[in-house]
Amino acid sequence: MKNLILLITALGLANMVSAQKYSTKTGKVTFEASVPLFEDVFAQDDNNVAIINADNGDFASVSTVKNFHFKVKLMEEHFNESYAETAKYPKATFRGKIANFDKTKLTASPQKYTVQGTLNFHGVDKSMNSTASIYTKDGKVYMQGTFVARPADFKVTIPKMVMKKVAENVNVEYNYILSK
């Protein structure tokens with residue numbers, strides 16, 4: 001029994017060590033919730049952390065929510081204090097899988113993949129799907145994609161006085177250059 005446990009542990013560690021992982025600490029994530037005739041609601045995080053396990057397509061990313069910066073500082077302050085409540089919910093995470101991912105089939109030409117997983121924002125988990133373009137160049141993996149999130153799905157309350165100034169659907173874009 002002891003040998004069986006040792007064997008299972010050794011195989012698990014060998015699998016983790018041999019896995020090809022690509023990561024970045026400088027991923028770019030933006031979101032836009034602008035509506036016509038009102039001030040742009042746009043923010044960007046240039047320090048998103050992401051990792052791909054190239055052996056099985058597992059993907060994860062983490063944003064420190066305070067890293068999203070707006071052009072208008074007052075808007076950023078309201079976002080952090082009232083909407084995202086960053087003191088209470090400092091991180092946004094995504095964990096999932098790139099469907100049908102096969103690193104051996106990646107080329108310099110972008111290919112479309114579906115990324116499926118769970119986004120956690122504002123303390124709420126929500127299943128999300130995204131379409132991503134993925135390609136490889138100079139030993140790096142490039143990944144770009146978009147998805148739409150609804151603040152209401154994450155229990156983010158938009159005050160009535162600004163409700164018409166913020167879109168119901170938030171367009172999120174991500175752009176990663178991942179290295180071994």
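This is a predicted model: local features need pLDDT of at least 70, side-chain atom pairs count only at pLDDT 80 or more; totals for chains, interfaces and linings use all residues.
Residues are numbered from 1 along each chain as its sequence is written, and side-chain values use heavy atoms, with hydrogens and water left out.

- Helices (H or I, at least four residues) and strands (E, at least two) are DSSP runs, numbered from the N terminus.
- Two strands count as paired if DSSP finds at least two bridges between them.
- Strand β1 covers residues 21-32 and pairs with strand β2 (residues 42-53) in the antiparallel sense, over nine bridges.
- In that pairing, Phe31 has Ala43 of β2 as its bridge partner.
- β1 also pairs with strand β9 (residues 170-178), again antiparallel, over five bridges.
- Here the bridge partner of Glu32 is Asn171 in β9.

- Thr30 has a relative accessible area of 8%, so it counts as buried (buried is under 20% relative accessible area, exposed over 50%, partly exposed in between, with a 1.4 Å probe and protein chains only).
- Leaving aside neighbours within four places in sequence, Thr30 is in contact (heavy atoms within 4.5 Å) with Phe42, Ala43, Gln44, Asn171, Val172 and Glu173.

**Aromatic rings**

- A pair of aromatic rings is described by the distance of the centres and the angle of the planes.
- Rings of Phe, Tyr and Trp (its six-membered ring) pair if their centres lie within 6.5 Å; planes under 30 degrees apart are stacked, over 60 edge-to-face, and the rest tilted.
- By this rule there are 11 aromatic pairs.
- Take Phe59 and Phe94: their ring centres are 6.1 Å apart and their planes are at 50°, so this pair is tilted.
- The pair links distant parts of the chain, with Phe59 in strand β3 (residues 58-64) and Phe94 in strand β5 (residues 91-98), 35 residues apart.
- Phe59 is buried at 5% relative accessible area, and Phe94 is buried at 9%.
- Phe147 and Tyr174 make a tilted pair too, at 6.4 Å centre to centre and 40° between the planes.
- That pair joins strand β8 to strand β9 across 27 residues, and both Phe147 and Tyr174 are buried.
- Phe59, Phe94, Phe147, Tyr174 and Tyr176 form one aromatic cluster.

**Out in a loop**

- Lys160 lies in the loop between β8 (140-149) and β9, and its 76% relative accessibility makes it exposed.
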